[in-house]
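Welcome! Here is a short tour of aromatic rings and helix packing, to be read alongside the view below.

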Amino acid sequence: MDRSSVIFGNIIDKKTLKKAARQQKKFLKKFGDDRNTVYHLKAVDNEVLTPAFGAKVLVLSDEPMEKLPEKSVIIGNIRMGFGHYRISMAMASAAHALGYTPLWLDLNSFPETTGTKIIAYQNKLYSMASRLSQKSKLFNKLFWDPLNTEGFKRLTYNAGDQKTAELMTPILNDLARETPYIATHVWPSQAAVHAGFRHVVNAIPDNWAMALHLSEGALHLVQTPSTYLSYRTLKGFAGDKILNPMSEKDICYAGHYMDDELVKNIEEDCKKRLNRISSKKPLRFLLTIGGAGAQGDYFASLIKTLLPYIKEKKAALYLNIGDYENVWDFFKSKIKGIEEISHIHFNDWSYTKNFAENALNDENCTGEESFNLHVFCHKDIFAAVYATNLLMRASDCLITKPSELAFYPVPKLMIAHVGGHECWGAIRAAEVGDGTPEAPNLDWANFMLKSFVETPDLLEKMNHAIIANKRAGVYNGAYHAVEKAVGLEQSAFAWAGK
């Protein structure tokens, strides 16, 4: 079925359709045509994902797919930065908590396929532009921010993506079409719909509605009430023109996509944060470097601001540099004296887990978890991403750009965005009270770091807001994504929306 010509009853113009066809033809010429290639898959254990939430990773096989584990849920995703992986981990965690086996399907992990080649190519362009946007204010103002806010928002953009996603289906041939399927990026969702899957949930990230995320034929899930209304009405997707809207059956407000272990421990984790504040223990800051690798100088300035407090034992810093060891070399060259107070934890997943557990259980701390600066790096992409989740529970403040981490139940300092669509993540955090507004400049971000240390009642208020948000069902989005995919009624967890 052609899903480019008509999108939710809105007819796409011929010029756009010709452009979409040319783009598909270009990709076929550049990366080859494997639409008649037979691929087989198998489910294997993973060092990080399997112990954490019983997930199995789908990889290529020489033999046809064996019977899937009972009560399987496919988590369709791509590695594009760390955000979509992190949301996928939340879905896998929730599925595991509800008694299902998550099957991790990364469309960007099959280099033999045309689909992976297309995704890798576009991911490279996106990462390059993200980094350039942080170095050139003119590029950011004239191109990158407008593209991420208004360019991706237009309905015509979705027509081109739909045509491209047709080339991502061959890897899905081995999988039963009745298997529940949750996508944490639009391409895996569109590919599943094109391939004929019947129970597809399209978990939309961010808090800014864009046609980029549309996948007609799937159930669209959103994290906030404001994005529900914008998507439902397709507001602004064709300028001022009023479009044919999505139906009630096409979209659902679910809440923030959070891991089960984060949600169920909110009260206990917030209680420990409040106790550390009241007893004047060092405040623990968590700074995580995203997969696009942008904002290096910005991060260096924040670390410099914290260094005096770390030396005075008023603060500690957990620095997760993901899978980028070269970032540590950059910081050493930029920040005088950083090595003297730093503990390096590279490529030791067992140690990272033990460290996070000791830091969480204050009474079991040896002392090193609460002081100084700790640097974590893992070549394994799953460990690189999930380390932030583990350290988050034991942290008092997460320092992050307002991307997917803006929705997490931990007090947050929202620093500058990288793509314009991220701005609305900070707005959501400020509205529900678990984070600051986006820092308007670096001076304000550094000012807030100092304020948190010197007047920590600001963090106290955020912790109380997080507890209240849990009671309101704000963080239950991942549970509801699983329930929708498998056809359950929303009854196991309280929820404020339909």
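## Aromatic rings

Two rings of Phe, Tyr or Trp (its six-membered ring) pair if their centres lie within 6.5 Å; planes under 30 degrees apart count as stacked, over 60 as edge-to-face and the rest as tilted. On that basis, searching the whole structure turns up 16 aromatic pairs. Tyr318, Tyr351, Phe355 and Phe376 are joined by ring pairs into a cluster.

This is a predicted model, where local features need pLDDT of at least 70 and side-chain atom pairs count only at pLDDT 80 or more, while totals for chains, interfaces and linings use all residues. Residues are numbered from 1 along each chain as its sequence is written, and side-chain values use heavy atoms, leaving out hydrogens and water.

## Charges over rings

A charge sits over a ring if NZ of Lys or CZ of Arg is within 6 Å of the ring centre and within 35 degrees of the ring normal. Lys153 places its charged end over the ring of Trp208, 4.2 Å from the centre. Over the face of Tyr100 lies Lys71, at 4.5 Å from the ring centre.

## Helix 1 and helix 4

Helix 1 (residues 14-31) packs with helix 4 at an angle of about 105 degrees, their axes 10 Å apart (helices are DSSP runs of H or I, at least four residues, numbered from the N terminus; axes are lines fitted to C-alpha atoms over the stretch in contact, with angles from 0 to 180 degrees between N-to-C directions). The two helices are therefore roughly perpendicular (65 to 115 degrees).

Phe27, Lys30 and Phe31 in helix 1 meet residues of helix 4 including Thr114 and Tyr121 (contact means heavy atoms within 4.5 Å).

Key:
Angles under 35 degrees count as roughly parallel, over 145 as roughly antiparallel, 65 to 115 as roughly perpendicular and the rest as oblique.
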